[in-house]
Structure formats: structure tokens, C-alpha cells
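Please report on one strand and its neighbours, then on one helix and its packing.

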Amino acid sequence: MTIASTASWKKLVEHQKTIAPLHMRDMFAKDPGRFTKFSLRLGDLLLDYSKHRITDETMDLLRGLAREAGVESMRDKMFAGEPINLTEGRAVLHTALRNFSSRTIEVAGKDVMPEVRAALNHMSAFSDSIRSGAWKGFSGKPIRSIVNIGIGGSDLGPVMVTEALRPYGRDDLDIHFVSNVDGSHIAEVLKRVDAETTLFLVASKTFTTQETMANAQTARAWFLERAKDEKYITKHFVALSTNAKEVAKFGISTDNMFVFWDWVGGRYSLWSSIGLSIALAIGFENFHALLEGAHEMDEHFRTAPLDKNLPVTLALLGVWYNNFFGAETHAILPYDQYLSRFPAYFQQGDMESNGKRVTRDGKVVDYQTGPVIWGEPGTNGQHAFYQLLHQGTKLVPADFLASIDTHNPIGEHHTLLLANFLAQTEALMKGKTLAEARAELEASGMKGEALDALLPHKVFPGNRPTSSLLYQKLDPRTLGKLIALYEHKIFVQGIIWNVNSYDQWGVELGKKLANAILPELRAVGDVSSHDASTNALINAIKAGRTQA
């Protein structure tokens, strides 16, 4: 039996037929209290979900689906440290990394909190030594550039957070990130740093990740060309890893190895030692505030009833459109330039977690699982893809995020930004009717055949669903809440779809094939061991490189 066979699911299928013909414009006209009914707050974070194609009955049915799927019991298992990552036999405890309660959290009978606190203390002491200038490079100069070398979760999270919290950074400490195995990425970064004042963070749990170690070895060679002595590696390279043997082999002192655990998934690792670049960029006190914000959301998610629970509500709305309206994508649209990398971060967070085709017990699903996640900051997106959102043929539910206050109160900029934020959600909900479009054209002086020809192009169907997330100001604590909100939303949807949100076997096949192709690219002669297309592409590359 699958979730699509449950009584709750079947009720929602029937209910959708009654909701589909309704327009939100009419729903608002009939119910002046709709915002009060369909909005939630946690501190200064406001979620308005009234601009959705829902009624009280819709939400009751969706919460019934969550209960039938076992969301509450699985939530409790996650927080208790049970191995809910079934395919890898691991606990899922990124929440332990930001646990400021007095609760013990056990994995296999061992309280993990003492180790977590020790790791945070290590990060605090190290980041303070770098930021204060006490840590000196090989020539006696303080560190002025940080280069984080990682990929996936070891890159996307720190990149997103350091960009989001740029106002909390320092002008005399530059942060760079290298992830792509394309040599151009590290080459361009190395052009902008000085070996005497640069610290490299090599972020790889196993210290064997192909892309990361290729970039790390390039950085090592570049550094030694300038420092001339391997003993100086310990002053300019640290490891975010668990593989002490490989770390020492690279030349990094294991005293400067920052550990984390197998119950920390890559895309949830910014809260761990992988977040060292964040602590260096904004200071450990602000990193601590980021963790505190996430903990606040954790406690809300853990304890709030389903009808008052922000992550659960966002998750259920996503399921509603994905599974009952056939929406295949979901847009994240921050009206906050500092959140420019937020959509990309949760593109990984969501699609790597719930982009699965089999259930937790290995059965192929007979329903849609995770949607395609995408987005860009407003107002840039308005001049790019909003045309499709407003008048296209695809239903794209969207989250809009904005701050009430700005870090940069320049002229009317923020007021203009907020006006656009508010206008877009209203326009997507209301649309513009044929009669309204006609009246508008007539008021402009247009009439006759010209009016009739233009009229269809001026109609907006509306009824496009949006959630609005409004917060006072993007500070570390608020960002922590926002990140944890989306993490738990993904968890809830994964439970409803009965997939394991904490493995990522889908990335393995391409890696394996790349390892097989690598020696073929190095060898002389044509290749014939693959399909006709791959053989031809390999041989074309080899021929072109020979000529070059």
C-alpha cells in the first residue's frame, strides 16, 4: 500500500475537483478574515499563506494526510537520534549541532552533545585567532584571505550564508570559495590572493572527494611555489574532515582538523565544522546566533501542533500542488539581494533530498515526489521569467521572501523593492479579467479593431499560488530560522512521499563512470568501450587536444 492508496489521499483527490474551479479573488471577496485564518508567526517571522487555492477543509485534509503518513512519529524519531537514514543506517541529527537545550541526544546509546560542544569550542578558538590577527602566516603576516575548497554541501551552504550575512563581515578579510573541478575556478581565485596571507580550508569528510582534492592539490602546489618549504603548510591549510591519516599525509596538522560526524548529511553540514568559513567571515558570535535561530525553528517544529507549525504548513502546500494540481516546479523568490544564493542552496537541499523514485522500503513510487526547485532574487526575476508565472501555461507555486528593514537604507530603494514584492503576490493572485483589461484599454483611448486585437494579450488569469515570508531584518538569527524552516519542510514532504530524504545515491553513477573515462582520456588511441555517442565524444576530445 502506498500513500496514494490511503483514505486521506483519496479524499484530497476528490476535494481538488471542488477547489479547481474556484478563484482566489472570489475567496478573498467572500472572506475578509482570510489572512488571519491562513497566516502564522514565529517571533518576527510571518508566513502568509492566504494566497493559496485552499479552504479550511483543504488544510484539514492535508493535515490528515500528514498524520496518516506518520509525520509526527518520524519527526520524534529524527530528534531522538534514531537511524532514519535507512539505506546508510545513520541517524539524521543536524539539529544536534544547534541544540541549545539541556536535552541529551543519543546515537547508539552515546550522548553526542559533549562532542558537538567541543567542536564548536574548537571553531570558536580558531576563528578568533584568525580574526584577531594572532595567527600568523609563514612570513609573520596575519591572514587576510580565506579560500574554502569544497563541493556540494561543503560549498553551497557556506557560500549562501556568507553572502546572506555579508553586512556582518569585515573589509580586511576576504572570503573565496572554490568548488568546480574546472581549473578556471581555482585559477581565478588564486590570481586574487597572496600566499603569505591566505588560509585554505579543505572541506571533505573523507578527504578523497575527487573535485575537492584536485583543487586542494593545485592550491598546495601554488602555495609551495611561493613558500618554498612544506613545513609552512600547517600555517596555511586546515582540514574540515574525519580522515586523520589523509589529512596528515597532505601536510596538515591534525590539531587543525575540524571534525564532524556521519550523522551530518552534506547538505545539512553548514551547522558543523563545514561552517568554519562562515565563522571566519562573520565572527563566531554571529555564527552562534545563526545556530540559535535554527534551534528556535527546531523547537517550534518539534513541539507545535500541525495547524500552527510553519514547516508543516509549507510542506503540505507543496504536496497539494505537486500531487493534486500537477505542478512540477516550485520557485523561491527572495526580494533580498543578500539571499541571492538561497534558491540555489535549497535547489540542492530539496532536489537531492526528495528527488527519489523508490520508497523507503525500495518500491517504485506511483506518484510524483520532489519538484524542480529554482528561483532568482526580485526584482531581477520580474524582468526574466515572471512573464511565464503570470501568463504562461504552467502552474508554478512560489515563495516570496522579504525583510521589513534593510541593511542599506539608500534613498527609496527598499520601499521600491517592497512595493514590487507586495504587488507581485497580489497580481499573481488576482490577475486581470477581460472586463478590467477592456476598461483599461478604453481609458487609454484605444477602441475598435485595435482594442479587440490587443485585448487577449492584456488578460492575466491570476489564481497563481504564493506564500509570503516577511521578517524584520536579515540578521544571523533570522537566517538560521529561515534555513531550518526549509530543512524541516523538506523532511515533512519526504515522509509523506515515503522516500529517504537523507541519501543521494543518484550522484554515484556519474562519478563511477567518470573514474572509468578518466584513464581513457589520458591514454593514446581511440576508445570503443562505450555507446556510439560517448565513444565519438571522447575521441573528438582526444583528437582536439592532440591538435592543440
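In strand β8, Ala239 is the bridge partner of Val202. This is a predicted model.

| Strand pair | Sense | Bridges |
|---|---|---|
| β8 and β9 (residues 257–258) | parallel | 2 bridges |

How are the faces of β8 (residues 237–240) covered? Phe237 and Ala239 are buried on one side. Val238 and Leu240 are buried on the other. Both faces are therefore covered. In a regular strand, side chains alternate between the two faces of the sheet.

Now the helix. Helix α5 covers residues 71–80, and its buried residues are Val71, Met74, Arg75, Met78 and Phe79. Viewed down the axis of α5, these buried residues fall within an arc of 135°, so they line one face of the helix. An α-helix has 3.6 residues a turn, so residues three or four places apart point the same way.

What do the buried residues of α5 pack against? Their partners are α4 (56–69), α13 (284–303) and α20 (476–496). Just after α5 comes Gly81, with a positive phi of about 85°.

Notes:
Residues numbered from 1 in each chain as written. Predicted model: local features only at pLDDT ≥ 70, side-chain atom pairs only at ≥ 80, totals over all residues. Heavy atoms only, no water. Buried < 20%, exposed > 50% of the residue type's maximum accessible area, 1.4 Å probe, protein only. Helix = DSSP H or I, 4+ residues; strand = E, 2+ residues; numbered from the N terminus. Pairing = 2+ DSSP bridges. Arc of directions from axis to C-beta. Contact = heavy atoms within 4.5 Å.
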